[in-house]
Amino acid sequence: MAKYPRVREQHIAVFGESGSGKTVLVSSFFGPTQERSYSNDLWDLVADDTGQGNRLYQNYLGMRDRARPPAPTKFAATTYYFSVKLKGGDNAAAKQRPFDALRLAWHDYPGEWFEESPSSEEEANRRVDTFRSLLGSDVALLLVDGQKLLDYKGEEERYLKSLLTNFRQVVLRLKDDLLADENRLVEFPRIWIIALSKADLFPDWDIYNFRDLVIEKASNHIDDLRSTLKDLVETPEALSVGEDFMLLSSAKFEPSAADPDHVEIDVTQRVGLDLILPIASMLPLERRVQWNEQMEIPRQVLDTLADGAETLAAFLVGSKFSVVESLVSKLPKIGPLATKAALPALVAVAKMAGSQVRDMNTQARAHNDFLTATLTQLKLDLNHGVKDNLLIKSRK
Ligand SMILES: Nc1nc2c(ncn2[C@@H]2O[C@H](COP(=O)(O)OP(=O)(O)OP(=O)(O)O)[C@@H](O)[C@H]2O)c(=O)[nH]1
Ligand SMILES: [Mg+2]
């Protein structure tokens, strides 16, 4: 194995119109991890580019200390690169681990790109490039702007229809450029999560309230979007659109009691941000196992979906956790790829019961095995999101 880079890279693709909360989201994802009071015993989150990291932190400080949100994003997209650096890099367990950091690329861009036509050919090209990088992620978040839902109270279908059809139009317009000479795209987000941004505006809601509203008012538009996306991809059966839902709130924004023209921003009240890493890293792995049991997925698709999952699974099995070993031996051979050595391990990891994950997490922590502890922690966090009714995962 090559010594460098010992990393795995995931992309975060957030699709949302202008003002839907994309820049605030990435700022609130990163900002708190830089505060003095922040502590995480398993990993550190660092921005690979110091200047970029400082700008995001500046956004966050503006909100925290001056109730001032960042300005709308104009003209250009920015890709923020983060590393989730595992602790314990110099201990014995770390010598065996296949990587020391998860890398996260988060693409932020002007939402108006989805609403207005480009003003020049150069800009049109930039949009295609950005869109193409967004499509390199396994998971896409499609933001439903909570403020807009409130503005359209009682006739939410009007907003949802325009959101979903506009987005579909964008995809259709870019289709030829995206496909270039390919017939269908192999690398493509396979999980499209419909996410409510600004969920703090709905203090009484859990994810079921949101899901029910979206299905009730817009299921036909989701169907249309799904078929448009299916037309673009290789193995279209391996695609979840409108089956997963989540709540997000980057901070609590509230009109100030003293002066209703001003907002107060409480950055400590956040919803769903802790699910972003687990969703980016664990959800594709789980889904891949689900699909693999139901259908024959071509190797080329598997190689892009949850890329590196086998290495991870093999590592977990190799790390002598009896729970994985016993699961692997019990599993029936399933699917056309069951002979691939690492796959049963992958299935085992994805299917481990909550209590087993917890045991493994405890053991790994006790042994300073930070990679196993991190992976199992991400899985536990994902489970919590579901239990806390912040996340609905596809049951298919
Ligand atoms: N209540 C509430 N308001 C939010 C939240 N996040 C963002 N907002 C509000 O939405 C505004 C726009 O957020 P941005 O993050 O700048 O939106 P954007 O998607 O980056 O918009 P563009 O850069 O134009 O594409 C902010 O100035 C806040 O007023 C949130 O979690 N809760
Ligand atoms: Mg923005």
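Modeller: Helices (H or I, at least four residues) and strands (E, at least two) are DSSP runs, numbered from the N terminus. Under that rule, the secondary structure of the chain comes to 15 helices and 10 strands. The model is predicted: local features need pLDDT of at least 70 and side-chain atom pairs count only at pLDDT 80 or more, while totals for chains, interfaces and linings use all residues. Residues are numbered from 1 along each chain as its sequence is written, and chains are lettered from A and ligands numbered from 1 in the order in which they are written.

Colleague: Which helix gives the most to the shell around ligand 1?

Modeller: Helix α1 (residues 22–30) does, with three residues. A residue belongs to the shell if its C-beta atom, placed from the backbone, lies within 6 Å of the molecule. By that criterion 23 residues surround ligand 1, and the closest are Thr23, Val24, Pro69, Thr73 and Gly111.

Colleague: What makes up the shell around ligand 1, by class?

Modeller: Eight nonpolar, 11 polar and four charged residues. Here Ala, Val, Leu, Ile, Met, Phe, Trp, Tyr, Cys and Pro count as nonpolar, Asp, Glu, Lys and Arg as charged, and the others, Gly among them, as polar.

Colleague: Why does Glu293 count as exposed?

Modeller: Glu293, in helix α9 (residues 283–294), has 12 C-beta neighbours inside 10 Å and therefore counts as exposed. The C-alpha atoms of Glu293 and Val347, 54 residues apart in sequence, are 9.5 Å apart in space.

Colleague: Why is strand β5 (residues 139–145) described as largely enclosed?

Modeller: Seven of its seven residues are buried, so β5 is largely enclosed by the rest of the structure. Val139, Leu141, Leu143 and Asp145 point one way from β5, Ala140, Leu142 and Val144 the other way, and all are buried.

Colleague: How do you know in which sense β5 and β6 pair, and over how many bridges?

Modeller: DSSP must find at least two bridges for two strands to pair; β5 and β6 have seven, in the parallel sense. Asp145 stands opposite Ser197 in β6. Strand β6 (residues 191–197) also pairs with β7 in the parallel sense, over six bridges, and Ile193 stands opposite Asp244 in β7.

Colleague: How many residues of strand β7 (residues 240–247) are buried?

Modeller: Seven of its eight residues are, and the strand is thus mostly covered. Gly242, which is in β7, has 21 other C-beta atoms within 10 Å and is therefore buried. Leaving aside its neighbours within four places in sequence, Gly242 is in contact with Trp192, Ile194, Ile222 and Arg226.

Colleague: How do you know that the span of helix α14 (residues 354–366) agrees with expectation?

Modeller: The expected span is 1.5 Å times one less than the number of residues. For the 13 residues of α14 that gives 18 Å, and its end C-alpha atoms are 18 Å apart, which agrees.

Colleague: Which residues of α14 are buried?

Modeller: They are Val357, Met360, Asn361 and Ala364. Seen down the axis of α14, these fall within an arc of 105°, so they line one face of the helix; the arc is that of the directions from the helix axis to the C-beta atoms. On the other side of α14, Ser355, Thr362 and Ala366 are exposed.

Colleague: What makes the phi of Asn368 worth noting?

Modeller: Most residues other than glycine have a negative phi. Asn368 has a positive phi of about 55° although it is not a glycine. Asn368 lies in the loop between α14 and α15 (370–387), and with 13 C-beta neighbours inside 10 Å it counts as partly exposed. Asn389 likewise has a positive phi, of about 60°, although it is not a glycine; its place is the loop between α15 and β10 (391–392). With 14 C-beta neighbours inside 10 Å, Asn389 counts as partly exposed.

Terms used. Buried ≥ 20, exposed ≤ 12 C-beta atoms within 10 Å, placed from the backbone. Contact = placed C-beta atoms within 7 Å.
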